[in-house]
Amino acid sequence: QGDDGKGRLRALIAMMKGKQQMMNGDCDGVLEVPNELFYVVRLIECLATCTEGMNMLVEIKAQSTLPLEEVVVLLDNSQQCWPLKKALVLYLFHAYVDTENLELEAPDYLIEQVLPVIVGDF
């Protein structure tokens with residue numbers, strides 16, 4: 001999909017934010033996730049499930065499919081889109097933290113760059 005796919009994903013996130021703002025703090029309301037965004041969330045959840053356990057080949061494939069830098073950008077742009085944020089955090093954990101490849105520099109990067117993005121919405 002390239003840049004067009006990334007732009008479309010950002011547009012879906014913006015649509016989700018717009019729906020959220022329309023609720024005006026109504027905590028009892030149910031916020032529906034657009035179908036296309038729901039599909040992306042399910043794909044990321046599938047990647048997270050595939051990387052459960054410690055299988056270096058699967059982890060490398062998943063990391064090349066959705067690199068850490070892109071996960072950080074998506075987490076930063078997802079803001080209050082909790083279904084997407086949850087899927088990304090699960091993927092991040094299974095693909096980069098709980099990994100068979102212990103030579104990875106990800107833990108330092110995660111602490112310095114990713115953790116503030118994750119907890120920034122709380």
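Okay, let's start in the middle: the largest nonpolar core here has 21 residues. The ones with the most contacts inside that core are Leu-37, Ile-44, Leu-66, Val-71, Leu-84, Leu-88 and Tyr-91. Keep in mind, please, that we're looking at a predicted model.

So who builds this core? The elements giving two or more residues to it are helix H1, which runs 2-22, helix H2 at 35-50, and then H4 and H5. And which one gives the largest share? That's H5, with seven residues.

Let's pick out Leu-88, one of those with the most contacts inside the core. If you skip its neighbours within four places in sequence, Leu-88 touches Ile-44, Leu-66, Val-71, Leu-74 and Leu-75, in the sense of being in contact with them.

Now stay on helix H5 and look for His-94, which sits in that helix. Is His-94 buried or exposed? Its relative accessible area is 12%, and the cut-off for buried is under 20%, so His-94 counts as buried. Again leaving out neighbours within four places in sequence, the contacts of His-94 are Ala-48, Thr-51, Glu-52 and Glu-59.

Last stop, Gln-79. You'll find this residue in the loop between helix H4, 68-78, and helix H5, 82-97. Gln-79 comes out at 37% relative accessible area; that lies between the 20% and 50% cut-offs, so we call Gln-79 partly exposed. And have a look across to Ala-14: Gln-79 and Ala-14 are 65 residues apart in sequence, while their C-alpha atoms are 9.9 Å apart in space.

Technical notes. Residues numbered from 1 in each chain as written. Predicted model: local features only at pLDDT ≥ 70, side-chain atom pairs only at ≥ 80, totals over all residues. Heavy atoms only, no water. Helix = DSSP H or I, 4+ residues; strand = E, 2+ residues; numbered from the N terminus. Buried < 20%, exposed > 50% of the residue type's maximum accessible area, 1.4 Å probe, protein only. Contact = heavy atoms within 4.5 Å. Core = buried A, V, L, I, M, F, W, Y, C linked by side-chain atoms within 4.5 Å.
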